[in-house]
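Dear colleague,

I am handing over the structure below, and my notes on it follow. Please read them with the model open beside you.

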Amino acid sequence: MSLLVTGSIGIDTVETPHGKAADVLGGSAIYFSLSASLFAPVRLVGVVGADFPADRLDIFKGRPVDLAGVERRAGSKTFRWHGRYVGDMNAAQTLRTDLNVLGEAGPQIPPSFADSQVVFLANTHPALQREALARLKKAKLVVADTMNLWIETTREELLTTLGLVHGVVLNDGEARLLTGRTHLIDAGRRILALGPKFVVIKKGEHGAVLTTADDSCVLPAFPTTSVIDPTGAGDSFAGGMLGYLASTGSWGMADLRAAMARGTVMASFTIEGFSYTGLVKATRAAVDERLAALRRIMHFG
Ligand code: AMP
């Protein structure tokens, strides 16, 4: 099934206990596309400013990622994010966000993308998420992500967006902030009450939990010891999940469980290097190897 992502494309500066990466390529749609393209072709929709160095998108060369939906807007500036991770690095501290072009009208969706069936509304302004969705009339599975900035500053718009989607993928802190609930099963149920049929709450090194109305699935994180930069882990997780679901074309509970495992493995590659350097090392063979290891870890009699 055709898979489309719309989200941020930006320039990041990230500090972790392992060092600093300044002015590197980032953005939710970038991580998602790199990750999902290992499982299915991806249509990327996003907007950058006139200052965006075009060769940054060369990382997609040789991958089935259609960049026809990347709009370069004259007179606008590219989104920028500066974040820091400390301690266990499970949550980013935002030091600075320059929305720039993300605060303007959303990107155009090319007519050739209008028939997309699986859609990921990656982290961006919830009004832009909704605007994109309104133009994707053939969407059969729509999943959204968000973050604390939008929960705090555009709550009502976000709630409207969440009422229109089938699934939500977010991290534990965001789930607590959104629902006011401390316990994640409770928070998950509150999010289901907003409209989605399933919610995946990611807990950094403690794995992820999927909740539906009548079932749940808990997976550990892949036990990597090399955590260099967690930026993009959530989007890579979602990319693995939705790339897999687009490749199977079905999303029953068994599919969702298998998809979560793909997401878990993709996130483990991302955190092993600054920016996308860990993620681009994920080949199909390397992913299969980690999936086998994850199966072994979870097996008990
Ligand atoms: P995550 O997977 O949650 O670690 O996402 C990391 C990416 O999100 C970074 O590369 C940032 O460029 C991007 N990002 C940070 N803040 C925002 C925001 N408010 N809206 C959209 N994207 C953002």
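The largest share of the shell around the ligand comes from α7, which gives three residues; a residue belongs to this shell, that is, it is near the ligand, if one of its heavy atoms lies within 4 Å of it. Please bear in mind that this is a predicted model, in which local features need pLDDT of at least 70 and side-chain atom pairs count only at pLDDT 80 or more, while totals for chains, interfaces and linings use all residues. Residues are numbered from 1 along each chain as its sequence is written, and side-chain values use heavy atoms, with hydrogens and water left out.

The elements that give two or more residues to the shell are β6 (79-84), α3 (148-153) and α7 (233-248), where helices (H or I, at least four residues) and strands (E, at least two) are DSSP runs, numbered from the N terminus. Of the 18 residues around the ligand, those that come nearest are S8, D12, G27, G232 and D235. Sorted by class, the shell holds eight nonpolar, eight polar and two charged residues, with Ala, Val, Leu, Ile, Met, Phe, Trp, Tyr, Cys and Pro counted as nonpolar, Asp, Glu, Lys and Arg as charged, and the others, Gly among them, as polar.

A polar side-chain atom of S8 lies 2.8 Å from a nitrogen atom of the ligand, and an N or O atom in the side chain of W150 is 3.4 Å from a ligand nitrogen atom. G232 uses a backbone N or O atom, which lies 2.7 Å from an oxygen atom of the ligand. Taken alone the ligand exposes 510 Å², and the protein buries 90% of that, with accessible areas from the Shrake-Rupley method and a 1.4 Å probe.

As for helix packing, α7 and helix α8 (residues 253-270) pack at an angle of about 140°, with their axes 7 Å apart; axes are lines fitted to C-alpha atoms over the stretch in contact, and angles run from 0 to 180 degrees between N-to-C directions. α7 and α8 are therefore oblique to each other, since angles under 35 degrees count as roughly parallel, over 145 as roughly antiparallel, 65 to 115 as roughly perpendicular and the rest as oblique. The axes of helix α1 (residues 28-36) and α7 come within 7 Å and cross at roughly 40°, which makes α1 oblique to α7.

With best wishes

Note on methods. A polar contact is a pair of N or O atoms within 3.5 Å; within protein, one must be able to donate a hydrogen and the other to accept it, and residues adjacent in sequence count only if both atoms are side-chain atoms.
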